[in-house]
Amino acid sequence: CRGADLAWLESLYGMAVEPDAVFYLKVRPTTLAERTLEKYGVLDYWESGMDIGLAPDIYDSFLKYQVLVQQHFTKLQQKFGFQVINGNRSIRAVSTDLRRRLEPIVENGVRNGHIGASDDLVAAEAAVAAVADRRNGAPWGTGQPRPPCRPAPPPGRAGRARPPAPS
């Protein structure tokens, strides 16, 4: 979305161990915006793509940028076979779906001696629980604010809550 060379990016992960599964929780941009505003009260400058000038308004830019991100993830899904999960559903439905998909992967690894049953099943369940906690508003179960993972937006460019005007 920001013009990085995809071949170069892929080369960065060329040495990584291939995962047993990749789950992509796909959420409509409008639903994502609603959830973000409900949780944080503002939209993030970077997650809205404000730095690439998609729209002068952060809400409109967020929607446009998230569409671009989804287009990239769709290409990655087609290339690498990610499992797409409908993230528009309730937390319980997404969690149940993830557990259903994880169980055979973990069981297969245990049967084949690739993973230790108790430790890896606990880790898989913890990962699913963390996703559910995160979607419930808990920042990865820590009770602490989300740590900064990107630079602050330029002065005067912070996000603001503004749902779209009624048409």
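Helices here are DSSP runs of H or I with at least four residues, strands are DSSP runs of E with at least two, and both are numbered from the N terminus. Keep that in mind for R101, which is found in helix α4 (residues 91-111).

A quick note before the views: this is a predicted model, where local features need pLDDT of at least 70, side-chain atom pairs count only at pLDDT 80 or more, and totals for chains, interfaces and linings use all residues. Residues are numbered from 1 along each chain as its sequence is written, and side-chain values use heavy atoms, with hydrogens and water left out.

**View 1. The whole protein, from end to end.**
The protein has five helices and two strands, and going along the sequence they come in the order α-β-α-α-β-α-α. Of its 167 residues, 25% count as buried (buried is under 20% relative accessible area, exposed is over 50%, and partly exposed is in between, using a 1.4 Å probe and protein chains only). Now for contacts, meaning heavy atoms within 4.5 Å: among those with a separation of 6 or more, 65% are between residues 24 or more positions apart. The accessible surface comes to about 11100 Å², and 58% of that belongs to carbon and sulfur atoms (areas come from the Shrake-Rupley method with a 1.4 Å probe, and for residues only the protein chains shown count as cover).

**View 2. R101 and the residues around it.**
Back to R101 in α4. Its side chain makes a polar contact of 2.7 Å with the side chain of D97, and another of 3.3 Å with the side chain of Q83. (A polar contact is a pair of N or O atoms within 3.5 Å; within protein, one must be able to donate a hydrogen and the other to accept it, and residues adjacent in sequence count only if both atoms are side-chain atoms.) Leave aside the neighbours within four places in sequence, and R101 is in contact with F23, Q83, V84 and I85.

**View 3. Helix α2, and what covers it.**
Helix α2 takes in residues 29-40, twelve in total, and reaches 16 Å from its first C-alpha to its last, close to the 16 Å expected (the expected span is 1.5 Å times one less than the number of residues). Which residues of α2 are buried? They are P29, T31, A33, T36 and L37. An α-helix has 3.6 residues a turn, so residues three or four places apart point the same way. The cover over the buried residues of α2 includes α3 (58-80). After α2 comes G41, with a positive phi near 80°.

The 23 residues of α3 should span 33 Å at 1.5 Å a residue, and the end C-alpha atoms are 32 Å apart, which agrees. At the start of α3, a side-chain oxygen of D57 comes to within 3.0 Å of the backbone nitrogen of Y59. The buried residues of α3 are I58, Y59, S61, F62, L63, Y65, Q66, V69 and Q70, and what they pack against is β1 (23-26) and α2. Just after α3, G81 has a positive phi of about 75°.

**View 4. The largest nonpolar core.**
Ten residues make up this core: A33, L37, L43, Y45, W46, M50, I58, Y59, F62 and L63. (A nonpolar core is a set of buried Ala, Val, Leu, Ile, Met, Phe, Trp, Tyr and Cys residues joined through side-chain atoms within 4.5 Å.) The elements giving two or more residues to this core are α2 and α3, and the largest share, four residues, comes from α3. Zoom in on F62: not counting residues up to four places away in sequence, F62 touches P29, L32, A33, T36, L43, E47 and S48.

**View 5. Aromatic rings that pair up.**
The whole structure holds three aromatic pairs (rings of Phe, Tyr and Trp, using its six-membered ring, pair if their centres lie within 6.5 Å; planes under 30 degrees apart count as stacked, over 60 as edge-to-face, and the rest as tilted). Y24 and F73 are stacked because their ring centres are 4.9 Å apart and their planes sit at 15°. Y24 lies in strand β1 and F73 in helix α3, so this pair ties together parts that are 49 residues apart in sequence. Y24 is buried, at 9% relative accessible area, while F73 is partly exposed, at 33%.

Why does the pair of F80 and F82 count as stacked? Their ring centres are 6.4 Å apart and their planes are at 20°, so the pair is stacked. F80 lies in helix α3 and is partly exposed, at 48% relative accessible area, while F82 counts as buried at 14%.
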